[in-house]
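Reader: I would like to go through this model step by step. Please keep the answers brief.

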Amino acid sequence: MNFFMRIFDGIYTYVAYTPNPLIQIFYLVVAVGGFIIFFLDGFKYLPNQYMGSIHKVTGSLLIFVCYYSFYLACTVDPGVISDSKQAKKVKRKYEFDEVMYTKESSATPARLRSRLGRSTAALQPLRGEVRSPLHLAELVVGVNNYKWFLLFLFLHILVCLYATIAGVLIFYSEMEKKNKGGAKFVNTKTNEVVSATFLMHVRYFFLNEEKMLGMVIIIAFAMFIMLVMFVSYHLQLIMANETTNESFKRDDMKRRLEREMKIIKQLIEEAEAWKPASSRPEDQLMPPINVDKIPDARKEAAADEEILRVQEALPEQDRQA
């Protein structure tokens with residue numbers, strides 16, 4: 001049992017905490033595979049009464065522009081804080097909020113990198129290590145390549161919407177062509193010939209004629225919805241002038257502050273409600289108060305400080321991972 005748990009922990013650590021190419025591989029399989037299926041199963045229905053042959057060209061151009069945006073998002077340098085001189089420039093450009101980040105606690109280039117990073121890996125190493133030209137091992141998003149990342153998202157919203165609309169129009173064109181030709185369907189249970197309905201056309205086209213094309217249309221529509229939500233989230237971050245990393249940390253800090261305010265309020269209430277047992281001097285001292293598991297809160301704070309101390313003591317490569 002322990003052997004399998006170690007294997008599971010190793011896989012989980014690799015997927016969740018180690019820079020790996022899994023997301024990029026998934027993207028290439030879906031994006032390239034989807035275009036190939038649409039090219040083979042969808043383009044043969046063009047032109048039709050709703051779409052001309054030009055959409056073979058425009059659709060292909062759009063998907064290749066999407067591929068290029070993916071390349072840019074993966075390869076453009078997200079931003080390197082390589083020395084103390086550059087760190088000073090960054091400190092002047094990005095003001096400290098003195099809450100999450102203070103001048104004292106974020107004085108080193110490593111802290112500045114963490115402050116500016118928009119991914120778990122933050123920005124690039126400080127020691128000048130050279131990365132491969134194509135950073136498919138991890139998609140690091142930073143100050144310099146954030147615009148390409150947003151372009152990547154916007155273009156894929158457009159191509160997913162394009163594919164969904166094109167697929168639906170292809171279906172409608174084929175349905176009307178069959179209706180004009182007097183298409184009839186046979187009830188397999190009664191062998192009765194019945195007039196074609198909309199649902200019959202849907203089932204026949206997407207389950208009998210073009211299963212793979214139907215799957216691509218469904219995936220494109222689902223990805224369109226998810227990408228719109230994801231881009232909306234990033235636009236909110238831009239309006240709030242926050243990074244993804246900062247938004248998570250701010251929420252965590254807000255919960256901690258709410259907890260501390262609750263503890264302080266309960267301490268004040270207990271202090272105001274306390275009455276000495278007698279007028280003797282030894283009874284005038286208020287006993288220690290333990291509200292809302294205060295020792296546990298202190299242990300959490302001490303644990304956080306210990307983690308930070310250990311991270312600062314690690315070599316730079318280990319700290320980045």
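Reader: Does V193 count as buried or exposed, and at what relative accessibility?

Author: This is a predicted model, where local features need pLDDT of at least 70, side-chain atom pairs count only at pLDDT 80 or more, and totals for chains, interfaces and linings use all residues. Residues are numbered from 1 along each chain as its sequence is written, and side-chain values use heavy atoms, with hydrogens and water left out. Buried means under 20% relative accessible area, exposed over 50%, and partly exposed in between (1.4 Å probe, protein chains only). V193 therefore counts as exposed, at 54%.

Reader: Which residues does V193 contact, leaving aside its neighbours within four places in sequence?

Author: V193 lies in strand β2. Strands (E, at least two residues) and helices (H or I, at least four) are DSSP runs, numbered from the N terminus. Contact means heavy atoms within 4.5 Å. With neighbours within four places set aside, the partners of V193 are K184, F185 and V186.

Reader: Where is N191, and is it buried or exposed?

Author: N191 sits in the loop between β1 (184-186) and β2 (193-195). Its phi is near 60°, a positive value in a residue other than glycine. At 60% relative accessibility, N191 is exposed.

Reader: What pattern does the chain follow along the sequence?

Author: The secondary structure comes to eleven helices and two strands. Read along the sequence, the pattern is α-α-α-α-α-α-β-β-α-α-α-α-α.

Reader: What share of the contacts with a separation of 6 or more comes from residues 24 or more positions apart?

Author: The chain has 321 residues, and 31% of them count as buried. Among contacts with a separation of 6 or more, residues 24 or more positions apart account for 67%.

Reader: At what angle do α7 and α8 pack?

Author: Two packed helices are described by the angle between their axes and the distance between the axes. Axes are lines fitted to C-alpha atoms, for helices over the stretch in contact, and angles run from 0 to 180 degrees between N-to-C directions. Angles under 35 degrees count as roughly parallel, over 145 as roughly antiparallel, 65 to 115 as roughly perpendicular and the rest as oblique. α7 (residues 198-209) and α8 are therefore roughly perpendicular, with axes 5 Å apart and an angle of about 110°.

Reader: How do the residues of the contact of α7 with α8 divide by class?

Author: F205, F206, L207 and E209 of α7 meet K211, L213, G214 and I217 of α8. Ala, Val, Leu, Ile, Met, Phe, Trp, Tyr, Cys and Pro count as nonpolar, Asp, Glu, Lys and Arg as charged, and the others, Gly among them, as polar. The contact of α7 with α8 has five nonpolar, one polar and two charged residues.

Reader: Which residues make the contact between α8 and α9?

Author: The axes of α8 (residues 211-240) and α9 (residues 244-273) come within 10 Å and cross at roughly 80°. α8 and α9 are therefore roughly perpendicular to each other. The contact is made by Y233, H234 and L237 of α8 with T244, S247 and F248 of α9.

Reader: Why is the pair of F171 and Y172 edge-to-face?

Author: Rings of Phe, Tyr and Trp (its six-membered ring) pair if their centres lie within 6.5 Å; planes under 30 degrees apart count as stacked, over 60 as edge-to-face and the rest as tilted. The structure holds 20 aromatic pairs. The ring centres of F171 and Y172 are 5.6 Å apart, and the pair is edge-to-face because the planes stand at 65°.

Reader: Which residues does F149 contact, leaving aside its neighbours within four places in sequence?

Author: F149 lies in helix α6 (residues 146-180). F149 is buried, with a relative accessible area of 9%. F149 and F70 are 79 residues apart in sequence, yet their C-alpha atoms are 7.8 Å apart in space. Beyond neighbours within four places, F149 is in contact with A73, V141, F230 and H234.

Reader: How many disulfides are there?

Author: A disulfide is a pair of cysteine sulfur atoms within 2.5 Å. The sulfur of C160 is 7.9 Å from the closest cysteine sulfur, in C66, so the two are too far apart for a bond. C66 is buried at 0% relative accessible area. The count of disulfides is zero.
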